Amino acid sequence: MARTQVVIVGGGPSGLLLGQLLFKAGIEAVVLERKTREYVLGRIRAGVLERGLVGLMGEAGVDTRMKAEGFVHDGTQLAYEGDMFRVDFAAHTDATVMVYGQTEVTRDLYDARAATGGDTRFEVDNVVIHDADTDAPFVTFDQYGGTQRIDCDYIAGCDGFHGISRKTIPASVRREYEKVYPFGWLGILSETPPVNRELIYANSDRGFALCSMRNAQLSRYYIQCDVDDHVGNWSDDAFWDELRRRIPAAAAETLVTGPSIEKSIAPLRSFVTEPMRWGRLFLCGDAAHIVPPTGAKGLNTAASDVHYLNQGLCQFYGDGDSRGLDTYSEKALARVWKTERFSWWFSNLMHHYPSQSDFDKKMQLAELAFLRDSPEAQAAMALNYVGLPY
Ligand code: RFL
Ligand code: PHB
């Protein structure tokens, strides 16, 4: 029978970041991942890192490549009705964001984990968390045709929205809050130079569009689509044509197109589960909450959870003080709800709703004009976009 201090369920960015931070503090952890490393690295997701996550990458000792290859952005562009204005982060905050893909963050964390001899089990099935509400929890899982058991002090549930950790908390204890949006995002990755130096978030009558990037030769674009649309309905040409119609003319004219190397549709959802702790089980990241991607907050909110949990575990193992762990759920949720609010607000502002009335549309335009003209409104947006303090 094996034993460790912390079992981390899920080898996505939350689980790996926590694993590396614990390693730095001399706390032993085993990471259990259902898929292969290649599969996890094949998911194209987040692209914008808040200062908090940038700092945690440094704390975890994995920021060398990010610092060399990432792009620091100190503003973003918002477009509507042929108009485009800039929200200047540097003018309103003392922070910037880093454009560096989740794929690269995850790769750096996996490389560091391998280099430090961290115990990571891939392709594990049927992970079950046992006795999390007692002082002797353990986790079982299937691998190589046999069932294994690891006893531990604590379990970190970092297994994403579809994982098993959240569902381990009895329904009578859990309270869930959800909003499903009536549209999705169709995203493509293409080996073309980005259309603009900064991201462009565009509100148009045909629906939202976003121009983002990974590096000088790799672009990431999204367009709002029907929630039940299929990737097969969208040729590359159809995507580019639709994107051009939704972004300002000057950008559309200079857009460089090419074959897509990835194309996928993501639904949009706001979701929070409370509490984020049950006994010795702590939920982190998408396992506990989802935001629509409009504010680029999913990975970043996962990182703030990891920060609070790491702090609590270090306090406990360092001087036996469990106060950080006892207040984890409360602290994490306080920040989660503020981030949910920002992502919901920004999504409402930028998308076309199927049921939108002319009045609703006028309200969106008035709010965009207010944001364009008000330094105070821009300061509020900038503060949220660069990331609320931990
Ligand atoms: P993940 O990434 O889902 O990782 C969970 C891991 O757990 C594994 N797993 C299990 N392992 C063992 N046993 C089980 N029973 C398991 N069940 C699941 C899974 O295989 C997986 O490896 O959750 P994590 O680590 O909490 O990370 C969250 C982020 O991935 C997510 O919030 C972001 O990608 C959201 N997101 C964005 N976030 C940002 O901060 N900035 C962005 O710019 C941004 N853009 C995006 C996004 C998400 C998107 N999609 C596709 C949903 C853009 C998109 C399009
Ligand atoms: C991305 O580059 O994938 C991205 C950027 C900003 C967002 C969402 C996604 O708000």
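The model is predicted: local features need pLDDT of at least 70, side-chain atom pairs count only at pLDDT 80 or more, and totals for chains, interfaces and linings use all residues. Residues are numbered from 1 along each chain as its sequence is written, chains are lettered from A and ligands numbered from 1 in the order in which they are written, and side-chain values use heavy atoms, with hydrogens and water left out.

Start with ligand 1. A residue counts as near if one of its heavy atoms lies within 4 Å of the molecule or strand. Several polar contacts can be picked out (pairs of N or O atoms within 3.5 Å; within protein, one must be able to donate a hydrogen and the other to accept it, and residues adjacent in sequence count only if both atoms are side-chain atoms). Ser14 places a polar side-chain atom 2.6 Å from an oxygen atom of ligand 1. For Arg34, a backbone N or O atom is 3.2 Å from a nitrogen atom of the ligand. The side chain of Arg43 has an N or O atom 2.9 Å from a ligand 1 oxygen. Alone, ligand 1 exposes 1,000 Å², and the protein buries 89% of that. Accessible areas come from the Shrake-Rupley method with a 1.4 Å probe; for residues, only the protein chains shown count as cover.

Helices (H or I, at least four residues) and strands (E, at least two) are DSSP runs, numbered from the N terminus.

Now turn to ligand 2. It is surrounded by 14 residues, the closest being Tyr201, Ser212, Arg214, Tyr222 and Pro293. The side chain of Ser212 brings an N or O atom to 2.6 Å from a ligand 2 oxygen. Tyr222 likewise has a side-chain N or O atom 2.6 Å from an oxygen of ligand 2. Thr294 uses a backbone N or O atom, 3.1 Å from a ligand oxygen. S16 supplies the largest share, 3 residues.

Next, the cysteines. The model has 0 disulfides, a disulfide being a pair of cysteine sulfur atoms within 2.5 Å. For Cys284, the nearest cysteine sulfur is that of Cys158, 4.3 Å away. Cys284 is buried, at 0% relative accessible area. Buried means under 20%, exposed over 50%, and partly exposed in between (1.4 Å probe, protein chains only). Cys314 is partly exposed at 27%. Its sulfur is 13 Å from the closest cysteine sulfur, in Cys284, too far for a bond.

Finally, the backbone. Glu274 and Pro275 are joined by a cis peptide bond, with omega about -10°. Pro275 sits in the loop between strand S18 (260–274) and strand S19 (277–278). Glu81 is not a glycine, but its phi is positive, near 45°. Glu81 is exposed, at 57% relative accessibility.
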